Amino acid sequence: MTATIADRIYSALSERIVTGQLPAGEKLRQDHIAREFDTSHVPVREALLRLEAHGLARSEPRRGTRVSALDPAEIREVIEMRVALEVLALTHAFPRLSDADIAAADTARIACDEAEDMASWERLNRQFHRIILAPCGMPRLLASIDDLHIAATRHLFANWQHQWRQRADKDHAAIVQAMMRRDAAAACEILRRHLRRVR
């Protein structure tokens, strides 16, 4: 499926919001965005509506659309929801795991470990989680998890950006090893612990 101009605008703006380049309260001006992406206001409006749906922006009557505020209390809820939903997805993924899925997870794990900056690491980390959960075959569940990743990442950049350093993720390695052994219980327990560590 080819990306539309609205997809490209949404991806670019969501990345800027998540990484803090666009701070909370910043006005998202349709005319400026349309000029930047050399497009009409229609795909810009569509992208802004998607940002609102994902909790990254809010529209105010007569004041336009602004980047939403970051609520520190939200992270506990996000982590608990990620634990519940990702463990559920991984449980359903296991019976459908192929050798190709496990190989893809291992490749994603290595790429994540080799990331040289936080933005690359975050994108690759999200990709690793997506790959291990995708075989569950539950698109609504995966879409909800994607939303939670966006919220968690915003908090991560706001609070941990200056402490980030390149490292090998032992939890990711242990999850892949459990996948190779077809040990669903071990993989789910490692994932649960891994997600709670964020707090």
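Trainee: Which helix holds His172?

Mentor: His172 sits in helix α8, residues 170-180, where a helix is a DSSP run of H or I with at least four residues, numbered from the N terminus. This is a predicted model, in which local features need pLDDT of at least 70 and side-chain atom pairs count only at pLDDT 80 or more, while totals for chains, interfaces and linings use all residues. Residues are numbered from 1 along each chain as its sequence is written, and side-chain values use heavy atoms, with hydrogens and water left out.

Trainee: Is His172 buried or exposed?

Mentor: Buried means under 20% relative accessible area, exposed over 50%, and partly exposed in between, with a 1.4 Å probe and protein chains only. His172 has a relative accessible area of 0%, and is therefore buried. Leaving aside neighbours within four places in sequence, the residues in contact with His172 (heavy atoms within 4.5 Å) include Arg109, Phe128 and His194.

Trainee: Where do the buried residues of α9 lie on the helix?

Mentor: An α-helix has 3.6 residues a turn, so residues three or four places apart point the same way. In α9 the buried residues are Ala187, Cys188, Ile190, Leu191, His194 and Leu195. Seen down the axis of α9, they fall within an arc of 165° and so line one face of the helix, the arc being that of the directions from the helix axis to the C-beta atoms. Among the elements covering these buried residues are α4, α6 and α8.

Notes: Helix = DSSP H or I, 4+ residues; strand = E, 2+ residues; numbered from the N terminus.
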